[in-house]
Amino acid sequence: MAGLAGHRTLIATAGIIAAAAGFLALLESVTYTTGPATLGVMVTSLVVVALAWQSRRMIAGPRGECIGNLWLAAVSGISFFVVFDLVAGALLLPRLPPKGLADPVIHHRLIPSSVSEYRDPEFSYDQHVNSLGLRGPEVSRAKPAGDYRILVLGDSFALGVGVADDESFAALLPTRLRAVDGRRVQVLNAGVSSYAPILSYLQLTTELGDLGADLVVLALDVSDLLQEHVYRQVASFDSQGLPVSVAAPTAPGKPSLRIREWLFEHTYLTRLGLFLQRRAMESDRLTVEEAVTMTNPELLAHTLANDATDRTQQWDAVFASIDALRNAAVRIGADFVMTVHPWGHQVDDQEWIPGRWKFIPRDAEVSDRSLETIRARAATLNINLVDTVPAFREYSGDEQLYFSLDMHFTTTGHRLFADVLANHLATRSDLALQ
């Protein structure tokens, strides 16, 4: 009898949970729209509720024990999957940098005057953001007399995810430039995780244009190709085709979207399933969420030899933003330099192992096609390019340039990047640094 009562309680609980999920899905479909996800939840809930109702009626019959055991097995299997999925998500998903603020113009930005703790198995550091929204110590908005001010723009590689405030290449650059030039150099780190050139352009033109920068450095990242593409899908442009805003969602939105966001952040298998389902339905359109906040194999697909996608329009978009950014720098009286750096899989077969296998197949062959495109387009637009790829490939030291799991530079990688950039700046006669 105790077993029978337990089975009845289990079935009733499952039915109640399914009914609640179905009601929430129905409420969302009435309030918003009926999408595939809400429709699927409603149908599944109806089936589960119907089975639970019928099982409760049959539980006292000759097959009651069998029915109860089937429900017990089903609930146990689902419970195991949920626990396994959450544990796998906690252990396998790459950690995102501390979250910033949603922004109606530049999508997201760092939280001014904040300190964020970032703890990971591979590194541990505090990220300090000053009152201007830049990583590092407090600085005046007005440039000190006699200083040469460099403004570094870019994504998480420029921001310095994985290293302390004073260990990023932006923080290391002043010492290296003083060593070769003897002048006082101030470098402002305006890097923000998941930025692409379109956001750096908006950042410069709306927030940082009055900092008196003598030189603007854009650290272009190969992930920018796909991220620029998805940001432009939600961007607004003026009559000349220049970006006006890339607004982040500010309203709470549909419950299913909030649930989806939570699943993306905390689960592994469910996240993968949702991604594959969405790609099957909309194979030609990625969301910002999929390209920016999740492990997406398409992010680096263009760096592989088997990539057959025509990337012409995507590169057109990237360099349209870069050209606009260069022109914006000129308007504020600053020189402009663009850098490009590789990810670990583009350096050799030893860096960023095993982290790379979350993004690319184990037997993938790397191609330099995208790097060659960047070099060619920069030359066509007469953009001053600092190509750090050869230096990374020629590095022969004992320390790794990239973390094993995380894709970012180690302190050694940042030191190498800073050396290459400093040497370039110190030898260019066309820069005001001379």
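Which residue forms a salt bridge with Glu228, and how far apart are the closest N and O atoms? The partner is Arg232, with the closest N and O atoms 2.8 Å apart, and the legends below place this pair among other details of the model. The structure is a predicted model, in which local features need pLDDT of at least 70 and side-chain atom pairs count only at pLDDT 80 or more, while totals for chains, interfaces and linings use all residues. Residues are numbered from 1 along each chain as its sequence is written, and side-chain values use heavy atoms, with hydrogens and water left out.

**View 1. The chain as a whole.** The chain has 14 helices and 11 strands, where helices (H or I, at least four residues) and strands (E, at least two) are DSSP runs numbered from the N terminus. Of its 434 residues, 47% count as buried; here buried stands for under 20% relative accessible area, exposed for over 50%, and partly exposed for values in between (1.4 Å probe, protein chains only). Among contacts (heavy atoms within 4.5 Å) between residues at least 6 apart in sequence, 71% join residues at least 24 apart.

View 2. Glu228 and Arg232 both lie in α7, 4 residues apart, which is about one turn of the helix. Their pairing meets the salt-bridge criterion, a side-chain nitrogen of Lys or Arg within 4 Å of a carboxyl oxygen of Asp or Glu. Glu228 counts as buried because its relative accessibility is 0%. Ser223 is found in the loop between β7 (215-220) and α7 (224-233), and this serine is also buried, at 3% relative accessibility. When residues up to four places away in sequence are not counted, Ser223 touches Asp155, Leu299 and Trp343.

**View 3. Salt bridges between separate parts of the chain.** A search of the whole structure finds 15 salt bridges. In one of them, the side chains of Glu207 and Arg109 meet at 4.0 Å, N to O. This pair links distant parts of the chain, since Glu207 belongs to helix α6 (residues 197-208) and Arg109 to strand β2 (residues 107-109), 98 residues apart. Glu207 is partly exposed, with a relative accessible area of 28%, and Arg109 is likewise partly exposed, at 25%. Another salt bridge is formed by Arg135 and Asp165, whose closest N and O atoms are 2.6 Å apart. Arg135 lies in the loop between β4 (124-129) and β5 (148-154) and Asp165 in the loop between α4 (156-159) and α5 (169-181), so the pair ties together parts that are 30 residues apart in sequence. Arg135 counts as buried, with 5% relative accessibility.

View 4. Helix α6 is mostly covered, with 9 of its 12 residues buried; among them are Pro197, Ile198, Tyr201 and Leu208. Gly209 lies in the loop between α6 and β7 and counts as partly exposed, at 30% relative accessibility. The C-alpha atoms of Gly209 and Arg331 are separated by 9.2 Å, although these residues are 122 residues apart along the chain. Leaving aside residues up to four places away in sequence, Gly209 touches Leu204 and Ile332.

**View 5. The parallel strands β10 and β11.** Strand β10 (residues 335-340) and strand β11 (residues 384-387) run parallel and are joined by 4 bridges, where pairing requires that DSSP find at least two bridges between the strands. The chain crosses from β10 through helix α12 (residues 369-380) to β11 in a right-handed β-α-β crossover; right-handed denotes a path from the first strand over the helix to the second that runs clockwise when the strands point away from the viewer. Within this pairing, Val340 stands opposite Asp387 in β11.

**View 6. A nonpolar patch on the surface.** Ile78, Phe80, Phe81, Val82, Phe84, Leu86, Trp262, Tyr268 and Leu269 form a nonpolar patch with about 850 Å² of accessible area together. Patches are made of residues with over 30% relative accessible area and no salt bridge, with like charges joined within 9 Å and nonpolar side chains (Val, Leu, Ile, Met, Phe, Trp, Tyr) within 5 Å. The largest share of this patch, 6 residues, comes from helix α3 (residues 64-92). Phe80 has its place in α3 and is exposed, with a relative accessible area of 60%.

Notes. Accessible areas come from the Shrake-Rupley method with a 1.4 Å probe; for residues, only the protein chains shown count as cover.
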